[in-house]
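The sequence and the structure are shown first, and the description follows.

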Amino acid sequence: MRAALAWREGARRVGDELELVRAERRLRELADAPGTRCAASLALARLRADAEPRRAYLDAAAALERDPDEPGCREEARALLASLDAHRPPLADGPGPSTMEPGDLPRAERECRVDRVAVFGTGPTGAPSRGLRLVLFPEGECALEGHADGERFVVRGLGLRVGEAVPAELPLSEGGARLLRRSDDGFDLWLDPGASATAFDLGSRFLVDVAADVSVDERAARAQGRVIVLDPGHGGDDFGARFVGLRESRLVLDITARAARILERRLPASQVVLTRTRDEIVSLEARTAHANAVGADLFVSVHLNAADEEVRVGGVTTFVLDVTNDRQALRLAARENAMPVSEVTGIQRLLARVHRADQVERSRRLAALVHESTLASGRRVLPGLPDRGVKSAMFYVLVGARMPAVLLEASFLTKSEEAAALRTEAYREALASGIAEGIVRYVTEVDASD
Ligand SMILES: [Zn+2]
């Protein structure tokens, strides 16, 4: 605990944003671990006390409610709550502040509401679903938290009220969960035996990803062939980038469909799944949910880069999901996520804790192979195609993916020579065959090492 705080303080002093995020990731891990949960949660609450005092108050009250018996928790929490008392959220009714102890709080109707819930990854997929994603849309001053409790995964939050529009019970037939039930102060998700769940608090959305137990039989069947998910970015009314009559959404649909045809030929034992096959809207949270549900072995999201201002160099960039302090990558993620840059940096901090180092490594390998072969193949048609490299960024579409996942910006739509090339079938086919080649090389490598 103390080491993590010292680490963070050191990073803050020299202004190293990346180290700062890493140190906070460590604190968040401690805030999940029994024995340090309260202390680390309070440390995090203290860190946000200046910027978001009310949220800090709620977090401290939640820590006290959850782990009152952790040594030192009660005293430290009450001290922090007392120092933040001016930011105690108002109550709709109940005792006035004078009769209340710090932390006796706040169950006011207006604090936090969830009126909308979505479930992705169930339904007829042909094969049994290997996971599902529950998305809650919190409004107000919310500090939701999810944890396993026996065969349930429970979502709670101080002052959380669930709207009547949310069904009292939602039966689920597959994906590792069987029932979602609304309770007075949250949600209970009943899991199947062997299933597990993880929660991601993204502020405007709260995700719960369920992973079904994969039986031995299924594992054996999977060894036969890989499941590859290709994700054409955007779609429908969401055009993505646009440039003189060209739409990113349509171009990437064409490119991924071509890549899928090549992969089906080159890896006949594998199954290739597209997250959309038509020009239609698919939400960002549905895309990885789909990949998790079909038990994908890898996920490649295909986009085209764009910039409002004149850029000197266009070209190919490939991203993995990781924290970054690269300004351009942050701006691009904001564009692709359809959210302000400030929210991307917020997500970055929230997500730092759910990162798994081994998955970042495998994603980097997939990114390197897809990047290299897409660039080489694109250059056969457009010899000067620039190399922007493999980078990290917080792309929302990659969040929660349980397989190596990358996002490819296959060309720069707002560079006129690349836009002109994108109008030709030859160039789109070249990009598609480069993407497919990178995937084939990755799958071959993985098969050889299994
Ligand atoms: Zn895009």
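In which strand is Val114 found? Val114 belongs to strand S1, which covers residues 112-120. The model is a predicted one.

**Val114 and its surroundings**

Is Val114 buried or exposed? Val114 is buried, because 24 C-beta neighbours lie inside 10 Å of it and the cut-off for a buried residue is 20 or more. Leaving aside residues up to four places away in sequence, Val114 touches Leu136, Phe137, Pro138, Leu160, Val162, Gly163 and Val166. One of these contacts, Leu136, is 22 residues from Val114 along the chain, and the C-alpha atoms of the two are separated by 6.7 Å.

**The chain as a whole**

The protein chain contains 13 helices and 18 strands. Of its 450 residues, 46% are buried.

Strands of a sheet pair through backbone hydrogen bonds, in either a parallel or an antiparallel way. Five strands of this chain form an open sheet in the order S3-S4-S8-S7-S6, and the pairing is antiparallel. Its edge strands are S3 (144-149) and S6 (169-171), each of which pairs on one side only. From one strand to the next, the twist averages 15 degrees.

How many bridges join S6 to S7? There are three, and the two strands run antiparallel, with S7 made up of residues 177-183. Leu170 has Leu180 of S7 as its bridge partner.

**Helices that pack on H5**

Two packed helices are described by the angle between their axes and by the distance between the axes. Helix H5 (residues 73-83) packs with helix H4 (residues 53-66), and the axis of H5 also comes within 10 Å of that of helix H3 (residues 37-47). The table sets out the two pairs.

| Helix pair | Angle between axes | Axis distance |
|---|---|---|
| H4 and H5 | about 160 degrees | 9 Å |
| H3 and H5 | roughly 15 degrees | within 10 Å |

Why does H4 count as roughly antiparallel to H5? The angle of about 160 degrees is over 145, so H4 is roughly antiparallel to H5. The crossing of H4 with H5 is left-handed. On the H4 side, the contact is made by Tyr57, Ala60, Ala61, Ala63 and Leu64, and on the H5 side by Cys73, Arg74, Ala77, Leu80 and Leu81. By class, this contact of H4 with H5 holds nine nonpolar residues, no polar residues and one charged residue.

For H3 and H5, the angle of roughly 15 degrees is under 35, and the two helices are therefore roughly parallel. H3 also passes H5 in a left-handed crossing. Here H3 contributes Cys38, Leu42, Ala45 and Arg46, while H5 contributes Cys73, Glu76, Ala77 and Leu80. By class, the contact of H3 with H5 has six nonpolar, no polar and two charged residues.

Cys73, Ala77 and Leu80 of H5 take part in the contact with H4, and these residues are also listed in the contact with H3.

**Helix H9**

Which residues of helix H9 are buried? In H9, which spans residues 327-337, the buried residues are Leu332, Ala333, Ala334 and Glu336. Ala338 follows H9 and has a positive phi, near 55 degrees.

Terms used:
Residues are numbered from 1 along each chain as its sequence is written. This is a predicted model: local features need pLDDT of at least 70, side-chain atom pairs count only at pLDDT 80 or more; totals for chains, interfaces and linings use all residues. Helices (H or I, at least four residues) and strands (E, at least two) are DSSP runs, numbered from the N terminus. A residue is buried if 20 or more other C-beta atoms lie within 10 Å of its own, exposed if 12 or fewer, and partly exposed in between; C-beta atoms are placed from the backbone. Two residues are in contact if their C-beta atoms, placed from the backbone, lie within 7 Å. Two strands pair if DSSP finds at least two bridges between them. Axes are lines fitted to C-alpha atoms, for helices over the stretch in contact, and angles run from 0 to 180 degrees between N-to-C directions. Angles under 35 degrees count as roughly parallel, over 145 as roughly antiparallel, 65 to 115 as roughly perpendicular and the rest as oblique. A crossing is left-handed if the near helix is turned anticlockwise from the far one by less than a right angle, and right-handed if clockwise. Ala, Val, Leu, Ile, Met, Phe, Trp, Tyr, Cys and Pro count as nonpolar, Asp, Glu, Lys and Arg as charged, and the others, Gly among them, as polar.
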